[in-house]
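Hi there,

Here is the model I promised to pass on. Please have a look at it, and then read my notes below.

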Amino acid sequence: MKSKLLATTLATAICLSTSAVADLQSNVVVGYVANLFDHFHRNPELSLVENETAERMAKELRAAGFDVTEGVGGTGIIAIMENGDGPMVMMRADMDGLPVEEKSGLDNASTATQTDPITGNVVPVMHACGHDVHITSLIGTARNMSARKDEWSGTLMLLVQPAEERVLGARAMKEDNLWERFGTPDYALAFHVSSEVVTGKINISEGSPYAGADTVDIIIHGVGAHGAAPHRGKDPIVLGSQIVLALQTLVARELSPRDPGVVTVGSFHSGTKHNIISDRAHLQLTVRNTSPETRKLLLEGIERIAVNMGRVAGLPEDKLPEVTVSKEGVPPTTNNPQLARRLKVAWAAALGDDAVVDIPTKGMGAEDFPFFSTDPDITSVYWAVGGTPQADFEREAAGGTPVPSHHSPLFKIAPEPSVRRGVESTVVALMTLMGD
Ligand SMILES: [Zn+2]
Ligand SMILES: [Zn+2]
């Protein structure tokens, strides 16, 4: 039974590959999606004020036959296509640009400026993270799934998210009663285009492609005194320094060496003058994890070390360091391993064995997608789509211009292969879950 099912899934995926590629290669669709990419790339908008982008997305999704609701959690959009019995699958695309002046040298480089709603400053804006690839691909997917409506059943939810770069948008949409209003999906999917992956490749991890992140503040109460009379005070700079060093033992000595974690003290402020012992120090930390267990170990460890180092310094119980964990934290993005394996098989069958890679993530960057996939837990997979041509990596390896990173003014994604792979990988994933 199982192998028959698998064979059917593969067969579906394989025929899909031929027809999906044919659809994508027809001049109409490629031309259409290319124009749309060009439009979005020239017209990026900052987090929280993606007004024109959202308007265009809503129009395109309606034209593709979806039932569209705008203004969800700000500029967010939910587009639904009900197509009989079957699972409800959500696919997310984030749409915000960044306050970066584009220096990519591309013909369609952005010259846009916008007033930042948070700082009030007028700043240049650029799609320097490739979210234009995500939204363009989402329209390609919408049109593709609409055209093959008789080949699948279930409910397809396409979600357009604002303010990913400020880690605000997913939470805002969720808090706008997302699941109560539109239904809780059985599956949640998303991809990010990656400048670190070769075009045509899909990079998928069975673990955690993005870290969880917390911000922590530690306030140290000292006793102020003359700098020449340290015995009269409690120096919060000395105590703060001891805390900073002791915190380094959490990852080095308490966390299993096979579990990744980061404790970075990014800011340490205290004092006003050479000869004054301050009565206060303030530490600001970023703390990264890839599992709830690691998160608990690190956050509890920070509290334990800070408070007890206060005791070591002889502070009274009501003056011990205060540790505050911000509510703004994000959980790690954790792929469901069974679903990741299932999609790997489907992608390899549809797009070729060499299309699927598993390159381990090196950094501990975070994403706000897990606000959609946790609380309640939803089976989810997040993958990466290659955005840099092989020739660019070869040029870099030969000592030439390095491949620019995300958020760089030089950031440059090859749009056609990225959008194409974005649509293909999404359609294959959706057909694997909803195909008849
Ligand atoms: Zn980014
Ligand atoms: Zn991004």
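A word on burial before anything else: a residue is buried under 20% relative accessible area, exposed over 50% and partly exposed in between, computed with a 1.4 Å probe on protein chains only. This is a predicted model, in which local features need pLDDT of at least 70 and side-chain atom pairs count only at pLDDT 80 or more, while totals for chains, interfaces and linings use all residues. Residues are numbered from 1 along each chain as its sequence is written, chains are lettered from A and ligands numbered from 1 in the order in which they are written, and side-chain values use heavy atoms, with hydrogens and water left out.

**Aromatic rings**

With that scale, Tyr210 counts as partly exposed because its relative accessibility is 21%, whereas Tyr382 is buried at 2%. For rings, I counted Phe, Tyr and Trp (its six-membered ring) as a pair if the centres lie within 6.5 Å; planes under 30 degrees apart are stacked, over 60 edge-to-face and the rest tilted. This rule gives six aromatic pairs. One of them is Tyr210 with Tyr382: the centres are 5.0 Å apart and the planes stand at 75°, so the pair is edge-to-face. The two tyrosines come from distant parts of the chain, 172 residues apart, with Tyr210 in the loop between E8 and strand E9 (212-221) and Tyr382 in strand E16. Here and below, helices (H or I, at least four residues) and strands (E, at least two) are DSSP runs, numbered from the N terminus.

Phe369 and Phe372 are also edge-to-face, because their ring centres lie 6.3 Å apart with planes at 65°. Phe369 is buried at 0% relative accessibility, and Phe372 is buried with a relative accessible area of 0%. Together with Trp179, the residues Tyr210, Phe369, Phe372 and Tyr382 form one aromatic cluster.

**The zinc ions**

Donors here are N, O and S atoms within 2.8 Å of the metal (3.2 Å for Na, K and Ca); water is not among the atoms, so sites may look incomplete. What holds the zinc ion (ligand 1)? Its protein donors are Cys129 (SG), Glu165 (OE), Glu165 (OE) and His407 (NE2), at 2.1 to 2.7 Å. The angles around ligand 1 run from 52 to 148°, so the arrangement is irregular. His407 is partly exposed, at 38% relative accessibility.

Cys129 bridges the two zinc ions, which lie 3.1 Å apart. Both Cys129 and His131 are buried.

**The sheets**

Strands count as paired if DSSP finds at least two bridges between them. Eight strands make an open sheet with mixed pairing, in the order E1-E2-E6-E3-E7-E16-E8-E15. Its edge strands are E1 (67-72) and E15 (356-357), each pairing on one side only. Strand E8 (residues 202-203) runs parallel to E15 and is joined to it by two bridges; Ile202 has Val356 as its bridge partner in E15.

For packing, contact means heavy atoms within 4.5 Å. Axes are lines fitted to C-alpha atoms, for helices over the stretch in contact, with angles from 0 to 180 degrees between N-to-C directions. H11 lies across strand E7 (187-198) and strand E16 (379-388), at about 45° to E7. H12 lies across strand E3 (88-94), E6, E7, E8 and E16, at about 160° to E16.

An open sheet of four strands has antiparallel pairing and the order E11-E13-E9-E14. Its edges are E11 (261-270) and E14 (322-325), each pairing on one side only, and the twist averages 20° from one strand to the next. Nine bridges join E11 to the antiparallel strand E13 (residues 280-289), with Ser267 opposite Gln284 in E13. Helix H7 (residues 236-254) packs on this sheet, touching E9, E11 and E13, and makes about 175° with E11. Helix H8 (residues 292-312) lies across E9, E11, E13 and E14, at about 165° to E13.

Best wishes

Methods. Tetrahedral: all angles 85-135°; square planar, octahedral: opposite > 155°, others 65-115°.
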